[in-house]
Amino acid sequence: MTIAPGLAAPTDTRRLFAAPGPGLRDHLDTFGPLASYVDLPDLVERAGLVGRGGAGFPSARKLRGVAAKGHGVVVGNASEGEPVSDKDRTLLLAAPQLVIDGLVLTARAVGARRAYLTTARPEIVEHLREQVGLRAESLRIEVVQVEDRFVSGEESALVNALNGRPGLPSDRSVRVYERGVHRRPTLVHNVETLAHVALLARFGPHWFRSVGTDDEPGTFLSTVSGAVPAPGVFEVPFGTSLGSLLAAAGCSPHDAQAVLVGGYHGAWVPGRAVAGTRMSKSSLVTHGASVGAGVVAVLGRDRCGLVESAAVATYLAEQVAGQCGPCVNGLPRMADALTRLARRERDPRLVDDVHRMRQLVVGRGACAHPDGTARFVASTMRVFADEVAVHLGGGCGVHAAR
Ligand SMILES: Cc1cc2nc3c(=O)[nH]c(=O)nc-3n(C[C@H](O)[C@H](O)[C@H](O)COP(=O)(O)O)c2cc1C
Ligand code: SF4
């Protein structure tokens with residue numbers, strides 16, 4: 001079904017990136033106007049769209065949940081607190097009008113009169129305000145700059161920031177889809193999710209499903225960085241091989257010691273497994289990873305996986321809101337034990353310490369930050385197990401022994 005007759009739907013893997021750049025006129029020439037009425041939850045459900053903000057939650061369920069309560073608020077989340085992700089910023093520079101379309105469509109679906117677009121990148125705030133200013137919508141869209149920290153984009157943290165409180169996650173007992181911004185039911189979607197909504201509302205679920213896998217249809221944006229000659233943001237279908245994503249960034253799988261998939265809350269895929277791994281749930285689950293927000297970071301052969309991972313764990317331990325036990329006590333101790341392993345302290349109890357701490361923190365925080373950090377550390381201990389043994393003997397497989 002083509003909802004915008006007469007215009008060619010983007011066919012290959014350049015869907016979001018088929019956008020002509022910022023500006024309303026070129027956007028309308030390329031994609032056509034929005035239909036005045038679409039049954040959005042139905043379209044989104046048939047398309048099988050899942051959120052691109054990290055958790056991969058089915059978008060139709062969230063839309064229906066907020067719509068059922070009525071008079072909602074919509075938030076486009078481009079906070080992108082993940083240090084190795086650049087896809088939201090890139091999307092907002094390349095296709096801001098698609099994101100705004102997504103805000104307009106979802107606002108109509110949940111009966112919202114107000115929407116927010118949040119970013120932690122000061123350099124794009126004015127650009128976004130200009131792009132919003134080009135639209136003559138009855139929907140009031142406000143661009144809000146949030147703090148640049150890892151947890152700022154967590155949805156309850158965003159709601160707190162928009163309510164004028166510190167932008168930190170809060171208790172999970174009240175969900176934002178029940179009571180969020182101005183105490184109204186709030187739909188938080190990643191901006192990439194919103195841009196996909198804009199396209200599938202025009203070109204339909206059949207078109208949307210024409211690439212990707214049955215379970216995970218469509219394309220996603222992947223930020224490929226680290227030890228690659230040409231880092232960048234690439235749009236690819238779900239199910240794409242990890243090797244071809246690396247190739248897009250000019251990197252051969254042989255040059256990768258390991259690849260971090262899914263970001264700092266994700267997991268390592270060992271270099272030897274890259275060739276057989278696809279960017280899909282079923283393939284990545286073997287490594288405890290998921291596509292998440294599309295982060296792919298390559299560890300070169302000249303870097304120590306333990307040293308790099310300890311730095312990530314330390315960063316994550318410093319990003320906490322200091323509100324919950326696992327973050328106050330568990331994450332710093334886990335990061336400290338991993339750091340001492342990375343420094344080649346010859347104390348075998350450090351391995352137990354890391355595992356004990358990571359088991360203790362899971363499921364205990366108000367938000368998923370401790371769980372995500374524990375997942376990353378578990379993967380580090382698995383993938384770099386040989387390196388752990390070498391470090392306990394005072395050596396390092398990569399750097400010269402001291
Ligand atoms: C610690 C933490 C940080 C998060 N940061 C972001 C973020 O920067 N951007 C984002 O879109 N979602 C982020 N999320 C996920 C959001 O809470 C929320 O699930 C998401 O914005 C929903 O959008 P989606 O359904 O389109 O994926 C984060 C979650 C956690 C636990
Ligand atoms: S679990 Fe950690 S990051 Fe999440 S709210 Fe509690 S202290 Fe903050």
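An oxygen atom of ligand 1 lies 2.8 Å from a side-chain N or O atom of Lys62, a polar contact being a pair of N or O atoms within 3.5 Å. This is a predicted model, in which local features need pLDDT of at least 70 and side-chain atom pairs count only at pLDDT 80 or more, while totals for chains, interfaces and linings use all residues. Residues are numbered from 1 along each chain as its sequence is written, chains are lettered from A and ligands numbered from 1 in the order in which they are written, and side-chain values use heavy atoms, without hydrogens and water.

| Residue | Part of residue | Distance to an oxygen atom of ligand 1 |
|---|---|---|
| Lys62 | side chain, N or O atom | 2.8 Å |
| Gly81 | backbone, N or O atom | 3.2 Å |
| Asn190 | backbone, polar atom | 2.8 Å |

On its own, ligand 1 has 620 Å² of accessible area, of which the protein covers 87% (Shrake-Rupley method, 1.4 Å probe).

There are 19 residues around ligand 1, and Gly53, Lys62, His189, Asn190 and Thr193 come nearest; a residue belongs here if one of its heavy atoms lies within 4 Å of the ligand. The shell comprises four nonpolar, ten polar and five charged residues, with Asp, Glu, Lys and Arg taken as charged and Gly counted among the polar ones. Strand S4 (residues 186-190) supplies the largest share of this shell, three residues. Strands are DSSP runs of E with at least two residues, and helices are runs of H or I with at least four.

Two helix pairs complete the description. The axes of helix H2 (residues 40-47) and helix H8 (residues 191-208) come within 9 Å and cross at roughly 50°, which means that H2 is oblique to H8. Their crossing is left-handed. Helix H12 (residues 325-342) packs against helix H13 (residues 349-361) at an angle of about 155°, with the axes 9 Å apart. H12 is therefore roughly antiparallel to H13 (angles over 145 degrees). The crossing of H12 and H13 is left-handed.

Conventions
Polar contact = N/O pair within 3.5 Å; in protein donor to acceptor, adjacent residues only side chain to side chain. Axes fitted to C-alpha atoms, helices over the stretch in contact; angles between N-to-C directions. Parallel < 35°, antiparallel > 145°, perpendicular 65-115°, else oblique. Left-handed = near helix turned anticlockwise from the far one by under 90°.
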